[in-house]
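Please go through the model below before reading on.

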There are 2 protein chains.
Amino acid sequence: MRADALKNRERILEAAETTFASLGLSVPIDVVAEQAGVGVGTLYRHFPTKEALFEAIVMTRLEELVDQTKTRIDASDPADALFSFLRRFATEALAKADLFDAMNAAGFDIKSGCAGMIDDLKRGIDVLVGRAKAVHAVRPDVTADEVMSLISGTCMAARQAGLDDASCQRMVDIVCEGMRPPVPR
Amino acid sequence: MRADALKNRERILEAAETTFASLGLSVPIDVVAEQAGVGVGTLYRHFPTKEALFEAIVMTRLEELVDQTKTRIDASDPADALFSFLRRFATEALAKADLFDAMNAAGFDIKSGCAGMIDDLKRGIDVLVGRAKAVHAVRPDVTADEVMSLISGTCMAARQAGLDDASCQRMVDIVCEGMRPPVPR
DNA sequence: GACGATACGGAACGACCGTTCCGTTTGTCA
DNA sequence: TGACAAACGGAACGGTCGTTCCGTATCGTC
């Protein structure tokens, strides 16, 4: 690969990351190219399709989140492990519009490429949920799917309400509180 | 207005209601016209723009929800009044994709027409929340905005996860649980 | 039944966007 | 330095979708 080409590839990835983060999948590909200081033709030589570029960005994001679940597997406080992960997840999702588009498969078929990683994420969450259940920190009947939906839904709402991270965290806390085992009142 | 025209107007509204409900704002206008058994030209004589037709549908939906808050204002159990409304809201939103698009202003500027009605809804929720707070059924620090965001976010997530109403209700219940005042553990 | 106004259908227009194509430029290696 | 392969830029293509336009059909009235 020519040195020039390599540099352009970097610039495209960089531009895509920031642009997808703020505008999501719906941003026209020309904008990404312009941001990268590159023609569309060049972009398409590096990534065969918009979807491919998008996947490249999202996969690394998802991977980071999966790692976050793994580092918490052996935490001494399973409740905090789960909840702190969910807060982290929320912060990430609020800042990165593409994460929603990936999980919602909004537009076209992203799932093909990310499905595996999303499943990994789900498995990671499932472990954290299981451990939290074991210490009676969350209700025994909630599922990892529900948890993921609840948090991503909350972030989605926060995002389009234009809320900041702090407000989003507050809502996440409310949801987490709701996941705890009910107490007699 | 000619009899013919009136009938067509009805059919357009009917088709728009079902089509927007299942596919949301993103459905092409041709599909609505076809569903109504009408040409696009006819549709555009009755509604100057796609947005106008959309608003006509959504406004009635929002109005119904506002009414729902009003009938609950004098309920003897403020907690149940709020939570049952939220469940109702969720059911409605899950079944009607357009409600999301309206609240998210996804695509273009819907707000212009619906803003007033959405504010009314927010005010209605605010009253229910206030009354629930008065009897210590919800935390004193939650806001109507947060409640709306939480519920609509939950429904959004449920919708694209393809969940049924029962599963969505379960998630709503979790959120409602989280809104209750924290108890010492 | 005929005539004028009203309404209809759907082809055509224009804007947007993902993708392709090709003439031109640029890096690399001998 | 010269030459060739590799890479570039951006105009052009094709498809989608909201909207407009106009020739035709239909309703309502005299």
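Predicted model: local features only at pLDDT ≥ 70, side-chain atom pairs only at ≥ 80, totals over all residues.

In α5(A), the buried residues are A:Pro78, A:Ala81, A:Leu82, A:Phe83, A:Phe85, A:Leu86, A:Phe89, A:Ala90, A:Ala93 and A:Leu94. Helix α5 of chain A covers residues 78-95, so counted as 18 residues by the DSSP runs. From first C-alpha to last, α5 of chain A reaches 26 Å, close to the 26 Å expected at 1.5 Å a residue.

Some of these residues meet A:Ile151. Leaving out residues up to four places away in sequence, A:Ile151 touches A:Leu86, A:Phe89 and A:Ala90, together with A:Val172 and A:Val175. The largest nonpolar core has 108 residues. Inside that core, the residues with the most contacts are A:Ile151, A:Val175, B:Ile151 and B:Val175. In soluble globular proteins, nonpolar side chains tend to be buried together.

## Chain A as a whole

Chain A has nine helices and zero strands. From the N terminus on, its elements run α-α-α-α-α-α-α-α-α. The C-alpha trace of chain A spans about 65 × 35 × 25 Å along its principal axes. Chain A has 185 residues, and 41% of them count as buried. Take the contacts in chain A with a separation of 6 or more: residues 24 or more positions apart account for 70% of them.

Helix α8(A) has 17 residues. Its span from first C-alpha to last is 24 Å, close to the 24 Å expected at 1.5 Å a residue. Just after α8(A), A:Gly162 takes a positive phi of about 75°.

Most residues other than glycine have a negative phi, and most peptide bonds are trans. A:His136 is not a glycine, yet has a positive phi of about 60°. A:His136 lies in the loop between α7 (111-134) and α8 (144-160) of chain A. A:His136 counts as partly exposed because it has 13 C-beta neighbours inside 10 Å.

Chain B has its own case. B:His136 also is not a glycine and has a positive phi of about 60°. B:His136 is found in the loop between α7 (111-134) and α8 of chain B. With 13 C-beta neighbours inside 10 Å, B:His136 counts as partly exposed.

## The two chains together

Two copies of a chain are related by a rotation about an axis and a shift along it. Here a rotation of 180° with 0.0 Å of shift along its axis superposes chain B on chain A, with an RMSD of 0.0 Å. The two copies are therefore related as by a two-fold rotation axis. Which residue of chain B comes closest to the rotation axis? B:Gly178 does, with its C-alpha at 1.7 Å. The same surface serves both copies, as 100% of the contact residues of chain B recur in chain A.

The contact takes 21 residues from chain B and 22 residues from chain A. On the side of chain B that touches chain A, the elements that give two or more residues are α8 (144-160) and α9 (165-179) of chain B. Helix α8(B) gives the most to that side, with ten residues. By class, that side of chain B divides into twelve nonpolar, seven polar and two charged residues.

## The DNA surfaces

There are 22 residues around DNA strand D. Those that come nearest are A:Asn8, A:Gly39, A:Gly41, A:Thr42 and B:Ala3. Two or more residues each come from α1 (3-23) and α3 (40-46) of chain A, and from α1 (3-23), α2 (29-35) and α3 (40-46) of chain B. The most come from α3(A), with four residues.

DNA strand C has 21 residues around it. A:Ala3, A:Lys50, B:Gly39, B:Gly41 and B:Thr42 come nearest. Helices α1 and α3 of chain A and α1 and α3 of chain B each supply at least two residues of the surface near DNA strand C. The most come from α3(B), with four residues.

Key:
Residues numbered from 1 in each chain as written. Chains lettered and ligands numbered in written order. Near = placed C-beta within 6 Å. Core = buried A, V, L, I, M, F, W, Y, C linked by C-beta atoms within 7 Å. Buried ≥ 20, exposed ≤ 12 C-beta atoms within 10 Å, placed from the backbone. Contact = placed C-beta atoms within 7 Å. Nonpolar A, V, L, I, M, F, W, Y, C, P; charged D, E, K, R; others polar. Expected span 1.5 Å × (residues − 1). Least-squares fit on C-alpha atoms with pLDDT ≥ 70 in both.
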